[in-house]
Amino acid sequence: MNDRPGMMSCEEFQSQLPELIGSGKIDSNHPHLKDCELCQSLLADLETIAEAARQLFPIEDPPAKLWEKIETALKNDDTGEPEPGDPVAEPGGR
């Protein structure tokens with residue numbers, strides 16, 4: 001429970017945290033973080049973990065030719081239906 005009317009509890013804040021982080025709408029100015037050291041610490045830990053994960057797998061842009069192949073394939077396929085032999089068209093395919 002929350003003892004402060006109009007203020008979000010830690011449980012409420014933490015339940016919204018994945019969405020806030022995913023949308024990029026979380027920062028230290030969030031009203032709950034101004035007064036809650038526990039959630040400030042949690043967010044700092046999550047940011048540290050996320051940064052470490054980004055460093056493990058650096059983002060690499062795919063080769064330009066890949067985008068050209070995708071664009072050509074989309075232009076050549078006017079039906080939007082998978083072609084026979086396409087893994088998507090096969091039973092059990094994705």
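User: What makes two residues count as being in contact here?

Analyst: Contact means heavy atoms within 4.5 Å. Leaving aside neighbours within four places in sequence, leucine 43 is in contact with Leu17, Ile21, Ile26 and Leu33. A word on the basis: this is a predicted model, where local features need pLDDT of at least 70, side-chain atom pairs count only at pLDDT 80 or more, and totals for chains, interfaces and linings use all residues. Residues are numbered from 1 along each chain as its sequence is written, and side-chain values use heavy atoms, with hydrogens and water left out.

User: Thanks! Why are helix 1 and helix 3 called roughly parallel?

Analyst: The axes of helix 1 (residues 10–23) and helix 3 (residues 37–56) cross at roughly 25°. Angles under 35 degrees count as roughly parallel, and helix 1 and helix 3 are therefore roughly parallel to each other.

User: Which residues meet between helix 1 and helix 3?

Analyst: Cys10, Phe13, Gln14, Leu17 and Ile21 in helix 1 meet Leu38, Cys39, Leu42, Leu43 and Leu46 in helix 3. They divide into nine nonpolar, one polar and no charged; Ala, Val, Leu, Ile, Met, Phe, Trp, Tyr, Cys and Pro count as nonpolar, Asp, Glu, Lys and Arg as charged, and the others, Gly among them, as polar.

User: What makes up the largest nonpolar core?

Analyst: Happy to list them: Phe13, Leu17, Leu20, Ile26, Leu33, Cys36, Cys39 and Leu43, eight residues in all. Such a core is a set of buried Ala, Val, Leu, Ile, Met, Phe, Trp, Tyr and Cys residues joined through side-chain atoms within 4.5 Å, where buried means under 20% relative accessible area (1.4 Å probe, protein chains only). The largest share of this core, three residues, comes from helix 1.

How values were computed:
Axes are lines fitted to C-alpha atoms, for helices over the stretch in contact, and angles run from 0 to 180 degrees between N-to-C directions. Helices (H or I, at least four residues) and strands (E, at least two) are DSSP runs, numbered from the N terminus. Angles under 35 degrees count as roughly parallel, over 145 as roughly antiparallel, 65 to 115 as roughly perpendicular and the rest as oblique. Buried means under 20% relative accessible area, exposed over 50%, partly exposed in between (1.4 Å probe, protein chains only).
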